[in-house]
Amino acid sequence: MGDFIRLRDVAMRHRRVLFGDPAATIAVTGPGGNPLAVQLAEFAQLPPEQRRVRLSDLAAAVQRRTKALDGADDEDDDGDPVPSGEGDTQE
């Protein structure tokens, strides 16, 4: 049991060095206060069509990032950029 406790203590020390103290609080502020609150207020002022466009752009960005995490990129979406049979030249 003593070995387990020592292992846990060492692991927690390494975790704190790598990721910081979990008790620490980091606040992000900007000229207008909380940046997220400022962005939400700006979003609320947009007309409905612009809101839809903004949400669509955000959804597309999330999908690209998710694919990047999975090892795919933008070129992998459509497969071969030149349809088969086109662009093949044999002389």
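Glu49 and Arg52 form a salt bridge in this predicted model. Their closest N and O atoms lie 3.1 Å apart, inside the 4 Å cut-off for such a contact. Both residues belong to helix H3, which runs over residues 48–69. They stand three residues apart, so about one helical turn separates them. An α-helix has 3.6 residues a turn, so residues three or four places apart point the same way. Glu49 has a relative accessibility of 47%. That value falls between the 20% and 50% limits, so Glu49 counts as partly exposed.

Stay with H3 for its geometry. The helix has 22 residues. At 1.5 Å a residue, H3 should span 32 Å. After H3 comes Gly71, with a positive phi near 95°.

Arg51 brings in another kind of contact. Its charged end sits over the ring of Phe43. The distance to the ring centre is 5.9 Å, and the cut-off for this contact is 6 Å. Aromatic pairs, by contrast, number zero in the structure.

Now step back to the whole chain. Its secondary structure comes to three helices and zero strands. Along the sequence the pattern reads α-α-α. The chain has 91 residues, and 2% of them count as buried.

Of its 18 residues, the number buried is zero, so H1 lies largely in the open. At 1.5 Å a residue, H1 should span 26 Å. The end C-alpha atoms of H1 are 26 Å apart, which agrees. Just after H1, Gly20 takes a positive phi of about 90°.

The search of the whole structure finds three salt bridges. One of them, between Glu49 and Arg52, has been described above. Another joins Arg6 to Asp3, with the closest N and O atoms 2.4 Å apart. This pair lies in helix H1. Arg6 and Asp3 are three residues apart, so they are separated by about one helical turn. Both residues are exposed, each with over 50% relative accessible area.

Asp9 and Arg8 also meet in a salt bridge, through their side chains. The N to O distance here is 3.3 Å. Asp9 has a relative accessible area of 31%, so it is partly exposed. Arg8 is partly exposed as well, at 44%.

Why does Met1 count as exposed? Its relative accessibility is 77%, and exposed means over 50%.

Conventions:
Residues numbered from 1 in each chain as written. Predicted model: local features only at pLDDT ≥ 70, side-chain atom pairs only at ≥ 80, totals over all residues. Heavy atoms only, no water. Buried < 20%, exposed > 50% of the residue type's maximum accessible area, 1.4 Å probe, protein only. Helix = DSSP H or I, 4+ residues; strand = E, 2+ residues; numbered from the N terminus. Expected span 1.5 Å × (residues − 1). Phe/Tyr/Trp six-rings, centres within 6.5 Å; stacked < 30°, edge-to-face > 60°. Lys NZ or Arg CZ within 6 Å of the ring centre and 35° of its normal.
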